[in-house]
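Visitor: I have a structure open and would like to learn how to read it. Could you walk me through it, one feature at a time?

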Amino acid sequence: MKRTLFVLFSGILFLPLFLTDTADAQWSIGASYEVRDEDPTNGFGVRLERSVLSSVPIVDLGIRAHFSYFNETNSLTTSGATIERDFESLDFGFAGTGEVSVGLVSPYVGLGIGWDNSSLEYSENISESSFDVREEFDTTDFYWNAFVGARVSIIPMVSPFIEYRFSQVSGREDVNLDNINRLALGVSLRF
């Protein structure tokens, strides 16, 4: 009888520890491999996220800062002529996010703004006629973006994610790069 009362009393004493909500992560830092539909097509990204309103059940609202880097270098030499092209693109921005926790999977959406800086250096060197052509193109443009994705919480603090982002760039009337779509695969550390 004493043993049963002790087990029952211990269960009642420790029950609040099991019924309380677990502490959710307030910060997240992540890295991703990104593929987009314009040159250069492959790059890497970094993101920093902060939960702003996580007191609402199931829903987590937050803010995000992101940075992406894309680079492609080509060089061709034939019959004494050398053609080189170096294309670099970096973008950074800020967004608001909304996430719903459904078991191990947490789908999310977001909307934000950002800036894209693209530069292209092109040169031709024909040694036979000593003819050199060098051109440079550099532009910084404003864009807005919308994204949808999902993260998986398998290991505590570590969350792999997949994300699709659509961007609408303004100020590029002469170049047909107005819509930039991107797929990101990465992992984030939540703390």
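Guide: Gladly! This is a predicted model. Let's begin with one residue and its surroundings. Leaving aside neighbours within four places in sequence, Arg165 is in contact with His66, Ser68, Asp91, Asn145, Ala146, Phe147, Ile180, Asn181 and Arg182.

Visitor: Where is Arg165 found? And why does Arg165 count as buried or exposed?

Guide: Arg165 is found in strand 7, which covers residues 158–169. For burial, the general idea is a cut-off: buried means under 20% relative accessible area. Arg165 has 4% relative accessibility, so Arg165 counts as buried.

Visitor: Which side chain does a polar contact join to that of Arg165?

Guide: The side chain of His66, at 3.1 Å. His66 has its place in strand 3, and because its relative accessibility is 7%, His66 counts as buried too.

Visitor: Now for a contrast: where is Ser79, and why does Ser79 count as buried or exposed?

Guide: Ser79 lies in the loop between strand 3 (59–78) and strand 4 (81–100). Here the other cut-off applies: exposed means over 50%. At 66% relative accessibility, Ser79 therefore counts as exposed.

Visitor: How many helices and strands does the protein have?

Guide: There are 1 helix and 8 strands. Read from the N terminus, the order is α-β-β-β-β-β-β-β-β. Across the protein, 31% of the 191 residues count as buried. Of the contacts between residues at least 6 apart in sequence, 56% join residues at least 24 apart.

Visitor: Which elements have the lowest and the highest mean pLDDT?

Guide: Helix 1 (residues 2–19) has the lowest, 46, and strand 1 (residues 27–36) the highest, 95. For the protein, the mean pLDDT is 82, with 78% of residues at 70 or more.

Terms used:
Residues are numbered from 1 along each chain as its sequence is written. This is a predicted model: local features need pLDDT of at least 70, side-chain atom pairs count only at pLDDT 80 or more; totals for chains, interfaces and linings use all residues. Side-chain values use heavy atoms; hydrogens and water are left out. pLDDT is the predictor's confidence in each residue, from 0 to 100. Helices (H or I, at least four residues) and strands (E, at least two) are DSSP runs, numbered from the N terminus. Buried means under 20% relative accessible area, exposed over 50%, partly exposed in between (1.4 Å probe, protein chains only). A polar contact is a pair of N or O atoms within 3.5 Å; within protein, one must be able to donate a hydrogen and the other to accept it, and residues adjacent in sequence count only if both atoms are side-chain atoms. Contact means heavy atoms within 4.5 Å.
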